[in-house]
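Thanks for coming. I will go through side-chain pairings in one model, and I will give the cut-offs as I go.

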Amino acid sequence: MTKILPLAEVTDAARGGVISIGNFDGVHRGHAALIRQAREMADRLAGPVVAVVLDPHPAAILRPDRVPAKLSWIERRGELLSQIDTDFLVVVPTSQAFLNLSAHEFFESLVRTTLRAQGVVEGPNFFFGRGREGTIQTLQSLCDESRIELRVAPSSIDNEALISSTRIRQQIECGKIDTAVHMLGHPHQIRGRVVRGDGRGASIGFPTANLSEIDVLVPAPGVYGGYAIIEQTRYPAAIHIGPNPTFNNQPQHKVEVHVLDYTGDLYQQTLLVDFVTRVRDIARFESPQALVAQLQLDIESVRSFLAKIENKTNFN
């Protein structure tokens, strides 16, 4: 299990290893490729694998009007990093003072003094220090001077394009969840508090958990298939995002989760929801009966798709 440590609480157990510094938002297949190389080096050097993230995203300080929506929260990143054999996730609190460090100061403070790294693994487009002045060439020089091993891992490519958190966000924002899941290597997960809705779903035989306070990127309006995680058990789920045009034309961006095979009360609980596939666009139906017929088809589609993947341990 990956142990999450604030920078100020780093212990000797997290020192002397192989580090990879990045945002690790979503912990996608490109991140996994970096960690695999870090694991190989760490086993040879007899040290831990340490992922390092800055939280919040530096843009929150440098460009607060252009902060990218999060794909994952810190605990979720720790969970995903555990699945790819990472020992520690060190969280650096982002501040203006930290962002003002020169590339040399950044390296001396974080890589050498605090983490005492034996090795570093980064992609070719890694930048660090004030104004992103430090490049991978800068890092190579600093590592050489300090006798720290550096491995520059090749970028991960999918369909002739770079796998990146930015590209995954774009796919999710367009509702292309299947493409996003392929690049992530796992479902896109959101979390939210269950609140009272208008009860319309229950009135037609399809009760839903209505989510609020969602703190990560929500897919574009549509109907999706996935899972709801309740007390560490995964239940198939059909997820509706957007308005309910059959009943009204108000442009509400609601997130409603119809949990299959579950009858308990989820009110006020925090619900985790995994998005796996897109089923269809939002549509207006001429009657509640027509909507019910379509919902039954949606559920059949969700069950059929999930049945094909339920024996898989990941989505690579």
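A word on exposure before the residues: buried means under 20% relative accessible area, exposed means over 50%, and partly exposed is in between, with a 1.4 Å probe and protein chains only. This is a predicted model, so local features need pLDDT of at least 70 and side-chain atom pairs count only at pLDDT 80 or more, while totals for chains, interfaces and linings use all residues. Residues are numbered from 1 along each chain as its sequence is written, and side-chain values use heavy atoms, with hydrogens and water left out.

Aromatic pairs come first. Rings of Phe, Tyr and Trp (its six-membered ring) pair if their centres lie within 6.5 Å; planes under 30 degrees apart count as stacked, over 60 as edge-to-face, and the rest as tilted. By that rule the whole structure has 5 aromatic pairs. One of them is Y235 with Y262, edge-to-face, at 5.1 Å centre to centre and 65° between the planes. Y235 is in strand 12 (residues 233–242), and Y262 is in the loop between strand 13 (254–259) and strand 14, so this pair links distant parts of the chain, 27 residues apart. Helices and strands here are DSSP runs numbered from the N terminus: H or I of at least four residues for helices, E of at least two for strands. Y262 has a relative accessible area of 25% and is therefore partly exposed. There is also an aromatic cluster, made of F98, F106, F126 and F128.

Next, charges over rings. The criterion is NZ of Lys or CZ of Arg within 6 Å of the ring centre and within 35 degrees of the ring normal. R196 lies over the face of Y267, 3.7 Å from the ring centre. R234 has its charged end over the ring of Y227, at 3.9 Å from the centre.

Now salt bridges, meaning a side-chain nitrogen of Lys or Arg within 4 Å of a carboxyl oxygen of Asp or Glu. How many salt bridges does the structure hold? The count is 20. Among them is R77 with D25, whose closest N and O atoms are 3.5 Å apart. R77 is in helix 3 (residues 74–82) and D25 in the loop between strand 2 (18–21) and helix 1 (29–45), so the bridge ties together parts 52 residues apart in sequence. R77 and D25 are both buried.

D85 and R39 form another, at 3.7 Å from N to O. D85 sits in the loop between helix 3 and strand 4 (88–93), and R39 in helix 1, 46 residues apart. Here D85 is partly exposed at 43%, whereas R39 is buried at 14%.

D215 is in the loop between strand 10 (209–212) and strand 11 (222–230), and R191 is in strand 9 (residues 188–195), so parts 24 residues apart are tied together. Both count as partly exposed, D215 at 30% and R191 at 24%. Shared partners also join R39, D43, D85 and D87 into one salt-bridge network.

Last, R280, in strand 14 (residues 270–280). Is R280 buried or exposed? R280 is buried, because its relative accessible area is 15%.
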